[in-house]
Amino acid sequence: MKIAVGNDHRGVAVKLRLVGLLNELRHEINDLGANSQASVDYPDFAIPVAEAVSSGKADRGILICATGHGMCIAANKVAGVRAANCRDVIDAELSRRHNDANIMCLSADLIGEEQIEKMVRTWLTTDFEGGRHARRTEKITSYEKEHEPLKDEG
């Protein structure tokens, strides 16, 4: 699977551990995140990851900031993205099973290393159930298509 990974300055250490895990699991990684702890702005990393997922250049994305909230808000501004901020294995599983989440957002400050690894493994191996859940995600996709921003023609 092709996975785009992004993080701000608070998520550097978590990203480094996750890249190791993703390599071990034999995923193709596109690292679009910060590489130092110098302060940066999370939208500068969330949006490129979301665009990679939305365009099909990545199958899924993982975003990391202090709480996961900022990354999730920014990523969900990109059409075709269903980003979920996950705090435990149940969140990770249900975000895939019920919402077909294609981006997982994580907190670098509030979740332990072992928990994050379990969550990522679960999220990567859980399939979308479809059925009534597909009807719901299709409504979101339809809304996005009907409300595409108008391009300024000059």
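**The whole chain**

Start with everything selected: of the contacts in the protein chain between residues at least 6 apart in sequence, 68% join residues at least 24 apart, a contact being heavy atoms within 4.5 Å. Before going on, keep in mind that this is a predicted model, where local features need pLDDT of at least 70, side-chain atom pairs count only at pLDDT 80 or more, and totals for chains, interfaces and linings use all residues. Residues are numbered from 1 along each chain as its sequence is written, and side-chain values use heavy atoms, with hydrogens and water left out.

Switch to cartoon and you get 6 helices and 5 strands; these are DSSP runs numbered from the N terminus (helices H or I, at least four residues; strands E, at least two). Trace the chain along its sequence and the order reads β-α-β-α-β-α-β-α-β-α-α. Along the principal axes, the C-alpha atoms fill a box of roughly 40 × 40 × 25 Å. The radius of gyration is 15 Å, in agreement with the value near 15 Å for a compact globule of 154 residues; that is taken over C-alpha atoms, and the globule rule is 2.2 Å times the number of residues to the power 0.38.

Now colour by burial: 45% of the 154 residues are buried, where buried means under 20% relative accessible area (1.4 Å probe, protein chains only).

**Next stop: H2**

Select residues 43–55. This is helix H2, with 13 residues, and its first and last C-alpha atoms lie 18 Å apart, close to the 18 Å expected at 1.5 Å a residue (that is, 1.5 Å times one less than the number of residues). Show side chains for Phe45, Ala46, Val49, Ala50, Ala52 and Val53, which are buried. Look down the axis of H2: the buried residues fall within an arc of 155 degrees, so they line one face of the helix; the arc uses directions from the helix axis to the C-beta atoms.

What do the buried residues of H2 pack against? Bring up strand S1 (2–7), strand S3 (60–65), helix H3 (69–75) and strand S5 (103–107). Step past the end of H2 and you land on glycine 56, with a positive phi near 90 degrees.

**Last stop: valine 81**

Go to the loop between H3 and strand S4 (83–85) and pick valine 81. Is this residue buried or exposed? Valine 81 has 4% relative accessibility, so it counts as buried. Leaving out residues up to four places away in sequence, valine 81 touches Ala50, Ser54, Ala75, Asn76, Asn102, Ile103 and Glu144.

Methods:
Buried < 20%, exposed > 50% of the residue type's maximum accessible area, 1.4 Å probe, protein only.
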